[in-house]
Amino acid sequence: MTFTDTVTPATASNSTEAVDFWFDPLCPFAWITSRWMLEVEQVRDVRTTFHVMSLSVLNAEKEVDQRYKDMLERGWGPVRLAIAVEQSHGSDALRSFYTAIGTKHHNEGREFDKALYEEVLEDIGLPLDLVNAAEDESLDDAVRASHQGGIERVGEEVGTPVISIGGTAFFGPVLQSIPRGEVAGSVFDGARLLASYPDFFELKRTRKGELNFD
């Protein structure tokens, strides 16, 4: 079985708008925002290019509690594997990898481990020996470089996800559920409009309720 995006983007044209999106497979908020962007691709002439960033890198020098520190340590495996997939098979493979691993982790509640990585690689039709990349610390510089590519566009003191629309990058949008259909397009129109204003830099409010991946 080949595991591809849950929705298939429209064929890109010369006028297709390019959006860049930085994610960590660990982050549920990045997962929701990424699924929104796949919905946007169905109703707007947009194509999303996915890039790796890392909460493990982002929080490396910060004082965090032990539980979060342990989670960040486990977070190195999926980002190393993501970088290895991108390096060896390209951006489209990274996109499929994220859909596969995100579905298993966020929707199905699976933990990151070798068995999961092997399933993901098999689902997207990539060599199973790539699984060793999850433990390959030589990939950490490439993870940091990809992460820095997003941070340089948006600035410090942000988290995941990072999105760049029309050359303007910002943290978010942080969503509690996945907008679908034309609603997804309308939310994107609003994000694009804010991005087009050079002095826009932040919107925020307290989140209430539970995350919904449906």
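A: Happy to! Let's begin with Val-154, which, leaving aside its neighbours within four places in sequence, is in contact with Val-162, Ala-169, Phe-170 and Phe-171. Keep in mind as you look that this is a predicted model. Val-154 belongs to helix H7, which covers residues 140–154. Between Val-154 and Ser-164 there are 8.5 Å in space, C-alpha to C-alpha, and 10 residues in sequence.

Those partners take us to the strands. Strand S3 spans residues 162–165; Val-162 and Ser-164 point one way from S3, Ile-163 and Ile-165 point the other way, and all are buried. Strand S4, residues 168–171, runs antiparallel to S3, and four bridges join the two. To find this pairing on your screen, look for Ile-165, whose bridge partner in S4 is Thr-168. S3 and S4 form a hairpin with two residues between them. In that turn, Gly-166 has a positive phi of about 60°.

Now step across to strand S1, residues 17–23. S1 and S3 are also antiparallel, joined by four bridges, and Phe-21 has Ile-163 as its bridge partner in S3. S1 pairs with S2 as well, but here the strands run parallel and seven bridges join them. Five of the seven residues of S1 are buried, so S1 is largely enclosed by the rest of the structure.

Put together, the strands make an open sheet of four, in the order S2-S1-S3-S4, with mixed pairing. Its edge strands are S2 (46–52) and S4, each of which pairs on one side only. Neighbouring strands in this sheet are turned against each other by 20° on average, direction ignored.

What packs on the sheet? Helix H1 does, touching S1, S2 and S3. The direction of H1 makes about 155° with that of S2. Helix H5 (residues 91–107) lies across S1 and S2, and runs at about 80° to S2.

H1 has a helix partner too. The axes of H1 (residues 28–43) and H8 (residues 181–196) come within 8 Å and cross at roughly 100°, which means that H1 is roughly perpendicular to H8. On the H1 side, the residues that meet H8 are Trp-36, Met-37, Glu-39, Val-40 and Val-43. On the H8 side they are Gly-181, Glu-182, Ala-184, Gly-185, Val-187, Phe-188 and Ala-191. Sorted by class, this contact has eight nonpolar, two polar and two charged residues.

Trp-36 also brings us to the core. Together with Phe-97, Trp-36 is named as having the most contacts inside the largest nonpolar core, which has 61 residues. Leaving aside its neighbours within four places in sequence, Phe-97 is in contact with Pro-78, Leu-81, Ala-82, Val-85, Val-120 and Ile-124. As background, nonpolar side chains in soluble globular proteins tend to be buried together.

How values were computed. Residues numbered from 1 in each chain as written. Predicted model: local features only at pLDDT ≥ 70, side-chain atom pairs only at ≥ 80, totals over all residues. Heavy atoms only, no water. Core = buried A, V, L, I, M, F, W, Y, C linked by side-chain atoms within 4.5 Å. Buried < 20%, exposed > 50% of the residue type's maximum accessible area, 1.4 Å probe, protein only. Contact = heavy atoms within 4.5 Å. Axes fitted to C-alpha atoms, helices over the stretch in contact; angles between N-to-C directions. Parallel < 35°, antiparallel > 145°, perpendicular 65-115°, else oblique. Nonpolar A, V, L, I, M, F, W, Y, C, P; charged D, E, K, R; others polar. Pairing = 2+ DSSP bridges.
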